[in-house]
Amino acid sequence: DKESRMHQVVRFVGGVVLSLAMASPAFGSAEFEKALTGLADDWDGLLKKHVRADGGVDYQGFNKDFAALESWIGKHAGLKLAGATDNQKLALYINLYNGTMVYNLLKHTKEKKIDVASQKFLKLEINDISVSGGNIWNGNYKVKLAGKDVNLDNIEHGLIRGDQSTPHKEHKVSKLDPRIHAAVNCAAISCPRVREKAYRSSNVQQMLQENMEEWLSTEEQFAKKGSKLRSNKIVFWYYGDFDDQKGGAGDYLSQFVGNKASDAAWKKKHLKENFNDRSTFALRLSSDFEFFYDWKVNDIRNKGSASH
């Protein structure tokens, strides 16, 4: 009868809708990968023009491409994040963080009428930069991601590290990977270097591994100084992220010290014996480590002239 035929139609339509709903995450993920690839390609082009293999950044070059950088950032506004994998999110968020850091720095120089070619620019200390609403990370310098305004802290600490400081709580990376601390770049000399190529879902795991191995094996970042390990302060600031790993922070970090690094065996042993399960108070007073950080801008003209 007419009523049963109507029920059949309703069931059929409901089944189609349910099938589409079940299929949508996979479709959304593929669509997102296509958009992510386009964004990575654009960022790749800017990096190849303006970032050197040693991590030095040509801010004068970036400044000439400011409109292109701004346009690239703007393309993140309409992204649909539903269905994205962790690797897709990691690649997207790291690229966006690093690009926005460059953008924020150049935006600040324009507001303060600082010539990027000047000595005044080269003497900038990133942690001293004040912007509307706070500093360069947590202030009102915001970009739009998937329809919501985010600042740098929202991207790093919320989306990548997983705290609650992001408008996109539902799109956080599912598990913190401490290797990200050698990937996100704060535009300072002592930051692990900006890579000269974009992160992609297909290479992000390999690049994170390469970053950590390079960072922990570089004399500039970790060096034997008498009985102390002179260490980049990032491992102090984010000690909890590293110490939450199996074996503790010392065991975790030691695995990335390359065998060909200066004093490699000593560094590995020193980390394992002195960097597991420590309080930040004890580390601050420790005679086993000397923590340092140079906040001067990582411009190509400053590279190699860092003073700690």
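**View 1. Helix α6 and its buried residues.** Leu152, Asp153, Asn154, Ile155, Glu156, His157, Gly158, Leu159 and Ile160 of α6 are buried (under 20% relative accessible area, with a 1.4 Å probe and protein chains only). Helices are DSSP runs of H or I with at least four residues, strands are runs of E with at least two, and both are numbered from the N terminus. With nine of its nine residues buried, α6 is largely enclosed by the rest of the structure. The cover over these buried residues includes α4 (86–111), β3 (143–145) and β4 (148–150), where contact means heavy atoms within 4.5 Å. This is a predicted model, in which local features need pLDDT of at least 70, side-chain atom pairs count only at pLDDT 80 or more, and totals for chains, interfaces and linings use all residues. Residues are numbered from 1 along each chain as its sequence is written, and side-chain values use heavy atoms, without hydrogens and water.

View 2. Asn151 caps the N-terminal end of α6, with a side-chain oxygen 3.2 Å from the backbone nitrogen of Asp153. Gly162 follows α6 and has a positive phi, near 90°.

**View 3. The largest pocket.** A pocket is an open set of points on a 1 Å grid over the protein atoms alone, where a 1.4 Å probe fits, with protein on both sides within 12 Å along at least five of seven lines; lining residues have an atom within 4 Å of a point. The largest pocket is lined by 15 residues, and Tyr97, Trp137, Glu156, Cys186 and Tyr238 lie nearest its centre. The largest share of this lining, three residues, comes from α6.

Methods:
Buried means under 20% relative accessible area, exposed over 50%, partly exposed in between (1.4 Å probe, protein chains only). A polar contact is a pair of N or O atoms within 3.5 Å; within protein, one must be able to donate a hydrogen and the other to accept it, and residues adjacent in sequence count only if both atoms are side-chain atoms.
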